[in-house]
Amino acid sequence: MSNIHTPLPQFDEALLRQLSAELVPAQQIWLSGYLYGLSQQQAQPGPAAAVQAVPVVAAPPAKSGLTILYGSHTGNGKSVAKKAAEQARAHGFEATVKDMNDYTPQQLKNERLLLLIVSTHGEGEPPAAAETLHRFLHSARAQQLPELRYAVLALGDRSYAQFCQTGREFDEKLSQLGARRLVDRVECDVDFQEDADRWIAAVLGKITAENGVPTAASAAAAPTASVADAPASASQYNRKNPFLAPVLEKTSLNGRSSARDTWHLELSLEGSGLTFEPGDSLGVWPQNPRELVLEVLKATILPARERVDWDGQKTTLAEVLTHHVELSLITRDVLEKLFARTRYPKLAALLKDANALREYTWGRDLADLLREFPDIWSADTLLRVLRRLQPRLYSIASGPSFAEGEVHLTVSAVRYETNGRKKRGTASTHLADGLKAGQPARVFVERNEYFKLPQNPDTPILMIGPGTGVAPFRAFVQEREATGAKGKSWLFFGNPHFETDFLYQTEWLQALKKGTLTRLDVAFSRDQGEKIYVQHKLRQNGREVFDWLENGAHVYVCGDKNRMAA
């Protein structure tokens, strides 16, 4: 990117300042995107010159109808898609928003302008909603798309090795099929809002530059909210402004001799305005363990009380390390920044081998990394290398109609030892060990678009939830009891031992007695010589499971994504 600044002529600059003063923030964003689009168009040789010859019109022609597709696990993709559509309509475009799950892939050949917003699930896989479209584009049935103009916004998480892989695959495949990019793909980390806003402005600026300037009336209607300002509920509390939810109760769910450490937490949402549905998650902003903060300070030989700038404010290095940066997880971008400083050959080799990188980063924290690859650090330089601390999401374990004004969690405290040091899960031990009754947790609600109870309360549900994967099904059963739903329900639960690890045993037995749970099958893997898991119970009851499916049952799976889910 060039750093050359070319001032405007004095007369033009005065006009621009006058114009800017009369625009609301969203209109200023749109104008910046429009100018960007013009600059991109003028910079392109050949065909772009022909586009410039198109007469400027007050509104885009009919073929400029804009289709916006989103595919994501949570509501993030949907919120960006709705924001893009609002901006587009305000500027005279016909914009249609569709979930990829509801989109017919063969329709692509009729599209002329397409915005595609997609997340990546797990290790580089498309989310469930995007699977059909992704499979179609990579099949022999996919047609050439020479008349399509498109742009891709990829949502991801840099803690995963295959960061934004699904967005990259969509982008590359559309290009291979002859479609032309409006703007380059933008890849977003978990803090996606600002990048998404800039992407929307750039895309709409480019489309407008190619198809005509919108009318003044349309521009005046531009919405002023940003993507981050479109929460799923009417509450003022969200990811960036979490609610301080007091802990009402904490209960250990395991017997004394259990190797597991699982906790039931009940938090108050009184006065927050936060609402949720069964299947949604609660975002929790944790803090790093004090022991880990001290290990990092020791490895860098930096004083805890050193004053640093963080988000425009002066604070201590210890405060930032405790509350604002990731210490427990090592991601590719951290290793890349460290390699840029140190040039250690081992780091270079790791960055070239995805499998070796995944194996190396598992279980290691920042203190391990700094010890293995020492360097001379200033506080400011260290903080520029580190990734911002991210909230952790927990499936909500209570029905909103059953426990009004509260939200319940099922949390397994993560503890292990690697590289000669004892490690602790950042959020899980913060909740299990760090918070006492009456102390607040910083929380917000995260929607899950595709993990919901059936709209018809008579529909049977089949729930598979070993370990803490049982949490959302506690919410399902509670909500169906509170609302009087009549549909049958069948739960498969598993854990190591019956006596010490049967989470919520009393509640399930009561639900069976009431009839709010129709059937319960359990698998305690270590109570006999041969290990038995939930999948074995499913096979044993295969005929009845099939009958439930034939009668319209919805199937839900929640648990370990690596070893159990598949």
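**Contacts, burial and a few residues**

A: Among the contacts in the protein with a separation of 6 or more, 78% are between residues 24 or more positions apart, where contact means heavy atoms within 4.5 Å. Please keep in mind that this is a predicted model, in which local features need pLDDT of at least 70 and side-chain atom pairs count only at pLDDT 80 or more, while totals for chains, interfaces and linings use all residues. Residues are numbered from 1 along each chain as its sequence is written, and side-chain values use heavy atoms, with hydrogens and water left out.

Q: How many helices and strands are there in the protein?
A: The protein has 21 helices and 20 strands, which are DSSP runs numbered from the N terminus (helices: H or I, at least four residues; strands: E, at least two).

Q: And what share of the residues is buried?
A: Of the 566 residues in the protein, 50% are buried, where buried means under 20% relative accessible area, exposed over 50% and partly exposed in between, with a 1.4 Å probe and protein chains only.

Q: Okay, helix 12: which residues are buried there?
A: In helix 12, which spans residues 345-352, the buried residues are L347, A348, L350 and L351. Seen down the helix axis, they fall within an arc of 165°, so they line one face of helix 12; the arc is that of the directions from the helix axis to the C-beta atoms.

Q: What do they pack against, and what is on the other side?
A: The buried residues of helix 12 pack against helix 11 (332-342) and helix 13 (354-361), whereas P345 and K352, on the other side of helix 12, are exposed.

Q: Switching topic, where is W310, and is it buried or exposed?
A: W310 lies in strand 10, residues 307-310, and W310 is buried, with a relative accessible area of 13%.

Q: Which residues does W310 touch?
A: Leaving aside residues up to four places away in sequence, W310 touches T315, V320, H324, V325, L383 and R388. W310 and D380 are 70 residues apart in sequence, and 9.3 Å apart in space from C-alpha to C-alpha.

Q: Last one, what about T208?
A: T208 sits in helix 7, residues 193-211, and is buried at a relative accessible area of 1%. A polar atom of the T208 side chain lies 2.7 Å from the backbone oxygen of L204.

Definitions and conventions: Polar contact = N/O pair within 3.5 Å; in protein donor to acceptor, adjacent residues only side chain to side chain.
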